[in-house]
Amino acid sequence: MIQCNIFFSYKKETEDGISIVLHFGQDPPREYVNAIVVTVINKLPEAIEDYELKAVVPKGCKVKLQNPTTRSLPAHNPFVPASAITQVMLIANPMKKDVSFKYIVSYTMDGEPQTEMGQVDKLPI
């Protein structure tokens with residue numbers, strides 16, 4: 001497990017009520033490699049299943065997503081602390097250039113497939 005001292009976070013609330021937070025580690029696990037912990041929280045009144053995150057970085061960089069802690073989240077309940085999916089993402093940037101980040105989050109809610117797309121123009125790495 002990669003230990004991270006968080007020095008920056010990026011938060012995105014999707015249209016459907018899924019919260020995606022990127023926690024950037026301060027100390028790289030290797031030279032030119034950055035560790036990011038992705039945390040996903042469900043704020044919807046319905047449970048989500050079959051969660052999957054896909055990430056795209058610019059040419060010259062590489063991204064590796066480790067398996068998520070789970071692929072489903074229960075419905076939001078204001079009386080119970082929110083469950084979360086966490087996933088470690090490693091981005092190699094040997095050319096030390098600015099890194100943009102595009103992602104696709106897909107999941108199933110009430111048997112209906114859902115897809116959310118987004119982009120961060122410049123990651124703080």
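User: How far does the backbone oxygen of E46 lie from a polar atom of the side chain of N42, and why is such a pair called a polar contact?

Analyst: The backbone oxygen of E46 lies 2.9 Å from a polar atom of the N42 side chain. A polar contact is a pair of N or O atoms within 3.5 Å, where, within protein, one atom must be able to donate a hydrogen and the other to accept it, and where residues adjacent in sequence count only if both atoms are side-chain atoms. Because 2.9 Å falls within 3.5 Å, the pair meets the distance limit. The side chain of N42 also reaches the backbone nitrogen of L44, at 2.8 Å.

User: What kind of model is this, and how are its residues numbered?

Analyst: This is a predicted model, in which local features need a pLDDT of at least 70 and side-chain atom pairs count only at pLDDT 80 or more, while totals for chains, interfaces and linings use all residues. Residues are numbered from 1 along each chain as its sequence is written, and side-chain values use heavy atoms, with hydrogens and water left out.

User: Is N42 called buried or exposed, and why?

Analyst: N42, which lies in strand β3 (residues 33-42), has a relative accessibility of 3%. The word buried means under 20% relative accessible area, exposed means over 50%, and partly exposed covers what is in between, with a 1.4 Å probe and protein chains only. N42 is therefore buried, at 3%. Not counting residues up to four places away in sequence, N42 touches several others, including G17, I48, L73 and S83; a contact here means heavy atoms within 4.5 Å.

User: What makes the word "strand" apply to the elements of this chain, and how many strands are there?

Analyst: Helices (H or I, at least four residues) and strands (E, at least two) are DSSP runs, numbered from the N terminus. The chain has 8 strands and 0 helices, and its elements accordingly run β-β-β-β-β-β-β-β from the N terminus on.

User: Is T108 buried or exposed, and how do you know?

Analyst: T108 has a relative accessible area of 19%, under the limit for buried, and so it is counted as buried. This residue belongs to strand β7 (residues 101-109), and its side chain makes a polar contact of 3.1 Å with the side chain of D50.

User: Why can β7 be described as largely enclosed?

Analyst: Of the 9 residues of β7, 7 are buried, so the strand is largely enclosed by the rest of the structure.

User: How do you know which strands pair with β7?

Analyst: Two strands pair if DSSP finds at least two bridges between them. Strand β4 (residues 49-56) and β7 have 6 bridges in the antiparallel sense, one of which joins L53 to its partner V105 in β7. Between β7 and strand β8 (residues 112-120) there are 9 bridges, again antiparallel, and S106 has T115 of β8 as its bridge partner. The hairpin of β7 and β8 has 2 residues between the strands, and D110 takes a positive phi near 55° there.

User: How many aromatic pairs does the structure hold, and what makes F101 and Y103 one of them?

Analyst: There is 1 aromatic pair in the structure. In this pair, F101 and Y103 are 5.7 Å apart from centre to centre, with 25° between the planes. Rings of Phe, Tyr and Trp (its six-membered ring) pair if their centres lie within 6.5 Å, and planes under 30 degrees apart count as stacked, over 60 as edge-to-face and the rest as tilted. The rings of F101 and Y103 therefore pair, at 5.7 Å, and are stacked, at 25°. Both F101 and Y103 are buried.
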